[in-house]
Amino acid sequence: VCAQRASTQLQAAAGTVPLVSTDPYPTPPRGAPAGSVPSNFADSVVTDALDSAHLADTRNLPAPAANAVAAARALWLSGASLTDTASLQAQFTSAFLTSRGLTTGQAVANWVSTTFQGSSTCSTFRVRGATSSTVAIRMHCSPFLAPRDMTLGFETAYPYRITSVTNVATPTQAY
């Protein structure tokens with residue numbers, strides 16, 4: 001039996017949809033000790049996942065999590081609305097924006113469009129390397145067939161905003 005149950009936490013702007021490939025609300029088999037099979041199994045999976053995600057959003061995370069946040073920011077930028085300039089600017093440190101002369105929302109939107117070559121979405125990516133403050137990724141973006149490489153520097157403390165973008169290019173090597 002497969003089941004799915006969506007849940008959201010609006011105040012945290014988060015949601016989760018677990019796919020449970022067992023009975024989502026099981027009935028304990030006859031003779032099973034009381035409480036050995038939680039009758040709200042799917043609910044507890046959803047709630048635990050959301051609570052963990054919310055806790056992660058409000059804490060300083062170790063470098064591997066920061067790498068994931070930096071990669072997620074790049075993927076988000078690849079498909080972001082260029083008219084939502086406040087959200088675009090929020091992905092970068094003020095030092096990055098100033099160093100690139102990106103002092104207006106429109107300048108940031110233009111830079112994002114140029115960096116991602118007008119891509120509408122980057123549906124897949126691969127981490128090619130990572131340190132405690134950088135992540136090198138290869139993104140596969142549409143409508144282009146050629147992948148895009150870039151190395152992102154990021155803050156090592158929450159909120160892990162992008163501090164640098166280097167090595168932006170169409171790769172010449174397969175991997």
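This is a predicted model: local features need pLDDT of at least 70, side-chain atom pairs count only at pLDDT 80 or more; totals for chains, interfaces and linings use all residues.
Me: Is the pair of F92 and F96 stacked or edge-to-face?
Reply: The ring centres of F92 and F96 are 4.9 Å apart, and the planes meet at 15°. Planes under 30 degrees apart count as stacked, over 60 as edge-to-face. The angle of 15° therefore makes the pair of F92 and F96 stacked.

Me: How many residues apart in sequence are the parts that the pair of F96 and W111 ties together?
Reply: F96 and W111 form an edge-to-face pair, with 5.5 Å from centre to centre and 75° between the planes. F96 belongs to helix 4 (residues 94–99) and W111 to helix 5 (residues 105–115), so the pair ties together parts whose separation in sequence is 15 residues.

Me: Is T156 buried or exposed?
Reply: T156 sits in the loop between strand 7 (148–154) and strand 8 (162–169). Its relative accessibility is 55%, and the cut-off for exposed is over 50%. T156 therefore counts as exposed.

Me: Which residues is T156 in contact with, leaving aside its neighbours within four places in sequence?
Reply: T156 and S133 are 23 residues apart along the chain, with 6.0 Å between their C-alpha atoms. Contact here means heavy atoms within 4.5 Å. With the neighbours within four places set aside, the contacts of T156 are S132 and S133.

How values were computed
Residues are numbered from 1 along each chain as its sequence is written. Side-chain values use heavy atoms; hydrogens and water are left out. Rings of Phe, Tyr and Trp (its six-membered ring) pair if their centres lie within 6.5 Å; planes under 30 degrees apart count as stacked, over 60 as edge-to-face and the rest as tilted. Helices (H or I, at least four residues) and strands (E, at least two) are DSSP runs, numbered from the N terminus. Buried means under 20% relative accessible area, exposed over 50%, partly exposed in between (1.4 Å probe, protein chains only).
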